[in-house]
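Please find below a colleague's note on the structure under review. The points are meant to be read alongside the sequence and the model.

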Amino acid sequence: MSLGRALRRALIATGTLSAALAVSACSTSGAGTSDGAGTSFVTDDGGISTVPKDGRTPAGTLAGETLDGKQLDVAGLKGNVVVLNIWGSWCPPCRAEAPHFAKVSNDLKGKGVKFVGINTRDFNKQPAQAFEDEFGVSYPSLYDPHGKLVLKGFPKGTLAPNGIPSTVLLDRDGRIASRALHALDEDKLRSMIDPLIAEK
């Protein structure tokens, strides 16, 4: 395959992802289904989808540079419950949920729960860094302006983050366990985390 053709394909894939994120940006609907890999899950009345322990799929590659210029690989966090929050500084629902994420992440420090943001569609780091400063977000965020990590990190048929904001939780084995496709308050966030903490 020629370099030009490969570049065109990459641009089309990036454009398709950007268009999908633009359509779903700042969505508030929690409804969703998964049929790509036959993953079965249950979505409750609050729009939170969960996968039974024996039906979970490992997350894909979620690694790269954080907003503060460090390298982070989510695979290195196995052994912890991992809360992945997909956000953008330009997104009003992201701003609404940020104080809740900052509080719960601080409350659960040292309790086997790690928070990682995935900042997307901020094509300059400065607004994203200002967002974190404003809301006291102390956990790292992977910088994913074009949505490539979001595309690679969640295999087809899994509980993928199909809107912004989205929150996906990984169990201690790095498998996708639950997802919300809307802004979360403290109670809803804890309702996703607590069952995974309690798992043996």
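1. Overall composition. The model is predicted. The protein contains five helices and nine strands, and from the N terminus on these elements follow the order α-β-β-β-β-β-α-β-α-β-α-β-β-α. Of its 200 residues, 46% count as buried. The protein exposes about 9700 Å², with carbon and sulfur atoms supplying 55% of that area. Among contacts between residues at least 6 apart in sequence, 72% join residues at least 24 apart.

2. The sheet. Seven strands form an open sheet with mixed pairing, in the order E1-E2-E9-E8-E5-E6-E7. Its edge strands are E1 (42-43) and E7 (141-144), each of which pairs on one side only. At the E1 end, E1 and E2 (residues 48-50) pair in the antiparallel sense over two bridges. Within this pairing, Val 42 has Thr 50 in E2 as its bridge partner.

3. Strand E8 and its burial. Strand E8 covers residues 166-170, and five of its five residues are buried, so the strand is largely enclosed by the rest of the structure. Both of its faces are covered. Ser 166, Val 168 and Leu 170 are buried on one side, while Thr 167 and Leu 169 are buried on the other.

4. The neighbours of E8. Strand E8 runs antiparallel to E5, to which it is joined by five bridges; here Ile 86 stands opposite Ser 166. Strand E8 also runs antiparallel to E9 (residues 176-180), and these two are joined by four bridges. In that pairing, Leu 169 stands opposite Ser 178 of E9. The hairpin of E8 and E9 has five residues between the strands, and Gly 174 in this hairpin takes a positive phi near 80°.

5. Which two residues does a cis peptide bond join? They are Ile 164 and Pro 165, and the omega of this bond is about 0°. Pro 165 belongs to the loop between helix H4 (148-153) and E8. This bond deserves a look in the model because most peptide bonds are trans.

6. Arg 121. This residue has a positive phi of about 60° although it is not a glycine. Most residues other than glycine have a negative phi. Arg 121 is placed in the loop between E6 and helix H3 (125-135). Its relative accessibility is 25%, so Arg 121 counts as partly exposed.

7. The cavity. The count comes to one cavity of 30 Å³ or more, and the largest cavity holds about 60 Å³ of space. Its lining consists of Asn 85, Trp 87, Cys 94, Glu 97, Ala 98, Phe 101, Phe 131, Val 137 and Tyr 139. The elements that contribute two or more residues to this lining are strand E5 (81-87) and helix H2 (92-107). Helix H2 gives the most, with four residues. By class, the lining of the largest cavity divides into seven nonpolar residues, one polar and one charged.

8. The pocket. The largest pocket has a volume of about 230 Å³. Of the 14 residues that line the largest pocket, Lys 109, Val 113, Lys 114, Phe 115 and Tyr 139 lie nearest its centre. Strand E6 (residues 113-120) supplies the largest share of this lining, with four residues. The lining of the largest pocket has seven nonpolar, five polar and two charged residues. Tyr 139 is named in the lining of the largest cavity and among the residues nearest the centre of the largest pocket.

9. Phe 115. Leaving aside residues up to four places away in sequence, Phe 115 touches Val 83, Phe 101, Val 104, Ser 105, Tyr 139, Pro 140, Leu 189 and Ile 193. The C-alpha atoms of Phe 115 and Val 82 are separated by 5.8 Å, although the two residues are 33 residues apart along the chain. Phe 115 is also one of the residues nearest the centre of the largest pocket.

Definitions and conventions. Residues numbered from 1 in each chain as written. Predicted model: local features only at pLDDT ≥ 70, side-chain atom pairs only at ≥ 80, totals over all residues. Heavy atoms only, no water. 1 Å grid on protein atoms, 1.4 Å probe; cavity = no way out; pocket = protein on both sides within 12 Å on 5 of 7 lines; lining within 4 Å. Points joined across faces, edges and corners; volume = space filled by probe spheres on them. Nonpolar A, V, L, I, M, F, W, Y, C, P; charged D, E, K, R; others polar. Buried < 20%, exposed > 50% of the residue type's maximum accessible area, 1.4 Å probe, protein only. Pairing = 2+ DSSP bridges. Contact = heavy atoms within 4.5 Å. Areas by Shrake-Rupley, 256 points an atom, 1.4 Å probe, with all protein chains shown as cover.
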